[in-house]
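Please examine the sequence and the three-dimensional structure shown below. The paragraphs that follow lead through the structure step by step.

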Amino acid sequence: MSDDPEEGMLSWDESVFRDERVFELGYLPETFKHRDSQMESLGYALRPAVRGSQPLNVVVRGPPGTGKTTAIQKLFDEVGAQTRTVRTIRVNCQVNATRYSVFSRLFEGTFDYEPPSSGISFKKLFGQIAEKLVEQDRILVVALDDVNYLFYENEASDTLYSLLRAHEEYPGAKIGVVVVSSDPTLEPIEELDSRVQSVFRPEDVYFPVYDEPEIVDILMERVERGFHDGVVDRPVLERVAELTAESGDLRVGIDLLRRAGLNAEMRASRVVEREDVEEAYETSKYVHLSRSLSGLEANERALLEIVARNDGDQAGDVYEAFHEETDLGYTRYSELVNKLDQLGLIDAEYADVEGRGRSRSLSLAYEKDAVLDRLE
Ligand SMILES: Nc1ncnc2c1ncn2[C@@H]1O[C@H](COP(=O)(O)OP(=O)(O)O)[C@@H](O)[C@H]1O
Ligand SMILES: [Mg+2]
């Protein structure tokens, strides 16, 4: 890059970005457009807690990148600002996918330190959380965010059962639950054990994907906060929105803006051109894939890599390669196949195979190279 002060060129110490942080994953947007009715329903469900009584439980559903986590965070912030009688804790179930680890997070949120790493029984863990609640006369509102991961691990029913029946074992303990699912193919209520269904009658709140004009509207604000004036013009923003609408995941659009900005800087340009966006899209379109992969454990990654290298093979053949590498048995293998299938990383389809009857064939849901590159 030259320091020639030529018109239109960016010098080495300049940036197209006014504030690059607005494109980071954890950034909580100041305004939250096109989600008024959802925020209202959520607020209505939690209002009893602010008054000191048991809140309504809620099931929030909607595809990834539709503002569910943001809504919970905004709402919890509001509740926290209004009253001290409600404790709100959001648990990321992609990271905490068992009942024990969910309750470890609740313990941490209650006591501000982690439970002993030597391990205590679930009963003790739960007992201490509940006793503290009763002692402080507080109401606990738990958001199980991306709860679909608890379903994939068969932990959802036990976790919810414990939360919903807490008041029976610990009189005076009041707990409300907000269950958030990002898996459009999952019917959370139907998938629960009947013992949970009989005590779980939640309100329903749905987050549809944003349409193109809504995406323009929302991303406009990021552009204004994140870029200097004149860096991203309207047609470029509209192209970003169009590409974002293909998946409906707003994360794609935010990532796209940031990468397109970096591409412009690479060219020492003061403006983001359409080509910067097109080039960025080759990476940004995999935001969802990267997110799914980041939550996988070693064995799941191993299986996905084997499927990638043997795309379209029969489940039995894939098992042999998997067993050789991991030493795991067929039952665990089947569970992992189902999980990768539910995550939308692979397609496991039944097909008739000559001489073998019906068998599943496993194929990758994404391009092979895109997956292998990101597994490294
Ligand atoms: N209405 C909105 N206004 C501003 N930013 C939004 C809006 N909806 C979603 N976002 C942003 O999009 C990204 C994905 O939103 P998130 O709440 O994490 O979605 P979900 O939990 O449904 O997957 C976040 O960076 C969030 O800030
Ligand atoms: Mg989320």
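**A guided reading of the model**

Arg267 is located in the loop that joins α12 (250-266) to α13; helices (H or I, at least four residues) and strands (E, at least two) are DSSP runs, numbered from the N terminus. At 41% relative accessibility, Arg267 counts as partly exposed. Here, buried means under 20% relative accessible area, exposed over 50%, and partly exposed in between (1.4 Å probe, protein chains only). Between Arg267 and Glu155, which are 112 residues apart in sequence, the C-alpha to C-alpha distance is 50 Å.

This is a predicted model, in which local features need pLDDT of at least 70 and side-chain atom pairs count only at pLDDT 80 or more, while totals for chains, interfaces and linings use all residues. Residues are numbered from 1 along each chain as its sequence is written, chains are lettered from A and ligands numbered from 1 in the order in which they are written, and side-chain values use heavy atoms, with hydrogens and water left out.

The protein as a whole may now be considered. It contains 18 helices and seven strands, and its C-alpha atoms fill a box of roughly 75 × 65 × 40 Å, taken along the principal axes. Of its 376 residues, 48% count as buried.

Helix α13 (residues 274-284) shows how burial can be arranged. Its buried residues are Asp276, Val277, Ala280, Tyr281 and Ser284. Seen down the axis of α13, these residues fall within an arc of 140 degrees, so they line one face of the helix; the arc is that of the directions from the helix axis to the C-beta atoms. Glu275 and Glu279, on the other side of α13, are exposed.

Two further residues illustrate the two ends of the scale. Leu289, in helix α14 (residues 287-294), is buried because its relative accessibility is 0%. Ala81, in helix α2 (residues 68-82), is exposed because its relative accessible area is 68%. The C-alpha atoms of Ala81 and Ser290 are separated by 35 Å, and these residues are 209 apart along the chain.

Which contacts link charged side chains? A search of the whole structure finds 27 salt bridges, a salt bridge being a side-chain nitrogen of Lys or Arg within 4 Å of a carboxyl oxygen of Asp or Glu. One of them joins Arg258 to Glu20, with the closest N and O atoms 3.5 Å apart. Arg258 lies in helix α12 and Glu20 in the segment before α1 (36-50), so this pair ties together parts that are 238 residues apart in sequence.

Other salt bridges lie within a single helix. In helix α15 (residues 298-309), Arg309 and Glu305 are four residues apart, about one turn of the helix, and their side chains meet at 3.1 Å, N to O. Arg239 likewise forms a salt bridge with Glu242, at 3.2 Å between the closest N and O atoms; the two are three residues apart in helix α11 (residues 234-247), and therefore separated by about one helical turn. Arg239 is buried, at 14% relative accessibility, whereas Glu242 is partly exposed, at 36%. A network of salt bridges links Arg239, Glu242, Arg274 and Glu278.
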